[in-house]
Amino acid sequence: MAKALLAVVVVAVAAVLELGLVGANFQDQCDITWEPQNAKMTEGGDHLTLSLVSNSSGCMLRTKKQFIYGSVSTRIQLVKGNSAGTVTTYYTSSIGDKHDEIDFEFLGNSSGLPYTFHTNVFADGVGSREMQFRPWWFVDSIPIRVFRNHEKEGVPFLTKRPMYAFSSIWAAEDWATQGGRVKTDWTKAPFVAEYRDIGLNVCECPGSGFGSSSSSNSTSGDAEDPACVQRCLTSDHWYAAEGLCQLSDKQLRQMKAVQLGYTIYDYCADAQAKGRPVPPECSMPQY
């Protein structure tokens with residue numbers, strides 16, 4: 001069973017953080033915002049499945065709360081067997097054209113072959129910061145990536161726009177598995193991802209945009225709220241504590257080992273190898 005964490009502090013994309021809220025469940029904390037007929041909650045909302053039933057009918061979950069700082073965690077059991085062409089996602093995102101996003105996608109594969117962990121970061125609407133990894137035997141609790149705050153050097157960072165947490169399953173057989181060479185076997189549908197143990201430990205910052213009746217059709221993005229950001233940074237929460245803006249020495253060693261042994265794509269290295277303009281953060285300290 002794979003676990004996943006999205007922590008919006010240093011923006012460290014990791015496999016899991018062992019924290020949760022007592023009594024929190026998917027029914028209380030989340031809405032199904034796309035194809036709700038393909039979602040099923042059992043055990044009082046503690047257990048959730050999202051199903052992909054066709055190339056146009058998947059499913060999406062979204063938290064009720066918006067936030068900037070905090071963590072979201074859950075336990076995900078990915079599609080079993082032949083999952084080629086399927087994508088199971090777990091990410092945070094603001095709403096609008098110039099959105100912020102921390103993206104964690106699991107790209108399916110043929111039976112017996114490993115998933116691909118696909119990560120990306122969007123800040124101020126700019127993405128194309130992909131890194132991909134092959135899974136190792138034990139994934140849980142191991143950080144795999146950090147996107148450092150270089151806002152003072154002119155690199156946009158994710159500290160202004162309230163975000164929701166999302167998870168979804170959808171079809172992407174044109175690119176997801178071996179560059180689209182391996183297609184989805186639709187005779188195996190539905191493809192099902194299972195979820196347990198949602199943990200939502202965030203400082204809530206409600207914004208306009210998606211989920212707001214006053215501006216549900218807006219594409220301009222959630223309004224920035226400096227007062228809320230400041231309140232969250234100075235409030236009595238674990239993410240506001242001094243020393244939590246970087247990985248520990250142990251976590252740093254773990255991440256470097258994973259990146260050395262399991263990285264299959266790095267946008268910085270790819271730009272350098274192909275002689276394309278290198279994003280400015282690639283030449284700045286990474287940790």
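**Exercise 1. Where does glutamate 101 sit, and what surrounds it?**

Task: Find the strand that holds glutamate 101, decide whether glutamate 101 is buried or exposed, and list the residues it touches.

Solution: 
- Step 1. Look along the chain of this predicted model. Glutamate 101 belongs to strand β9.
- Step 2. Check the accessibility. The relative accessible area of glutamate 101 is 11%. Buried means under 20%, so glutamate 101 is buried.
- Step 3. Collect the contacts, skipping residues up to four places away in sequence. Glutamate 101 then touches Tyr91, Thr92, Ser93, Asn120, Val121, Phe122, Leu158 and Met163.
- Step 4. Look at the side chain. It is joined to the side chain of histidine 99 by a polar contact of 2.8 Å.

**Exercise 2. Which residues carry the "active site" label?**

Task: Name the residues at which UniProt places the feature "active site", then describe the surroundings of glutamate 105.

Solution: 
- Step 1. Turn to the record. The unreviewed UniProt entry puts "active site" at Glu101 and Glu105.
- Step 2. With a relative accessible area of 10%, glutamate 105 is buried.
- Step 3. List the contacts. Apart from neighbours within four places in sequence, glutamate 105 meets Val87, Thr88, Thr89, Thr116, Phe117, His118, Trp170 and Trp175.

**Exercise 3. What kind of aromatic pair do phenylalanine 104 and phenylalanine 117 form?**

Task: Classify the pair of phenylalanine 104 and phenylalanine 117, and say which strands the two residues lie in.

Solution: 
- Step 1. Start with the whole structure, where a search finds 9 aromatic pairs.
- Step 2. Take the geometry of one of them. The rings of phenylalanine 104 and phenylalanine 117 are 6.1 Å apart, centre to centre, with 80° between the planes. Planes over 60 degrees apart count as edge-to-face, so this pair is edge-to-face.
- Step 3. Find the strands. Phenylalanine 104 is in β9 (residues 101-107) and phenylalanine 117 is in β10 (residues 116-122), 13 residues apart, so the pair links distant parts of the chain.
- Step 4. Check the burial. Phenylalanine 104 is buried at 2% relative accessible area, and phenylalanine 117 is buried at 4%.
- Step 5. Compare with another pair. The ring centres of tyrosine 164 and phenylalanine 166 are 6.1 Å apart and their planes lie at 70°, so this pair is edge-to-face.

**Exercise 4. What gathers around tyrosine 164?**

Task: Describe the ring cluster that includes Tyr164 and name the residue over the face of tyrosine 164.

Solution: 
- Step 1. Check the burial. Tyrosine 164 and phenylalanine 166 are both buried.
- Step 2. Follow the ring pairs. They link Tyr91, Tyr164 and Phe166 into a cluster.
- Step 3. Look over the ring face. Arginine 62 lies there, 4.4 Å from the ring centre of tyrosine 164.

**Exercise 5. How is helix α2 placed?**

Task: Sort the residues of helix α2 into buried and exposed, then find what the buried residues pack against.

Solution: 
- Step 1. List the buried residues of α2 (residues 226-234): Cys228, Val229 and Cys232.
- Step 2. Consider their directions. They cover an arc of only 100° around the axis, so they lie on the same side of α2.
- Step 3. Recall the helix rule. An α-helix has 3.6 residues a turn, so residues three or four places apart point the same way.
- Step 4. Turn to the other side of α2, where Pro226, Ala227 and Thr234 are exposed.
- Step 5. Find the partners. The buried residues of α2 pack against β7 (67-77) and β14 (191-204).

**Exercise 6. Which backbone angles stand out?**

Task: Describe the peptide bond from alanine 189 to proline 190 and the phi of aspartate 124 and of aspartate 197.

Solution: 
- Step 1. Take the peptide bond from alanine 189 to proline 190. This bond is cis, with omega near 5°. Proline 190 lies in the loop between β13 (164-171) and β14.
- Step 2. Take aspartate 124. Its phi is positive, about 60°, although aspartate 124 is not a glycine. Aspartate 124 sits in the loop between β10 and β11 (131-133) and is partly exposed, at 30% relative accessible area.
- Step 3. Take aspartate 197. Its phi is also positive, near 60°, and aspartate 197 is in strand β14.

Definitions and conventions: Residues numbered from 1 in each chain as written. Heavy atoms only, no water. Buried < 20%, exposed > 50% of the residue type's maximum accessible area, 1.4 Å probe, protein only. Helix = DSSP H or I, 4+ residues; strand = E, 2+ residues; numbered from the N terminus. Arc of directions from axis to C-beta. Contact = heavy atoms within 4.5 Å. Phe/Tyr/Trp six-rings, centres within 6.5 Å; stacked < 30°, edge-to-face > 60°. Lys NZ or Arg CZ within 6 Å of the ring centre and 35° of its normal. UniProt positions renumbered as here; feature names shortened; annotations may be inferred. Polar contact = N/O pair within 3.5 Å; in protein donor to acceptor, adjacent residues only side chain to side chain.
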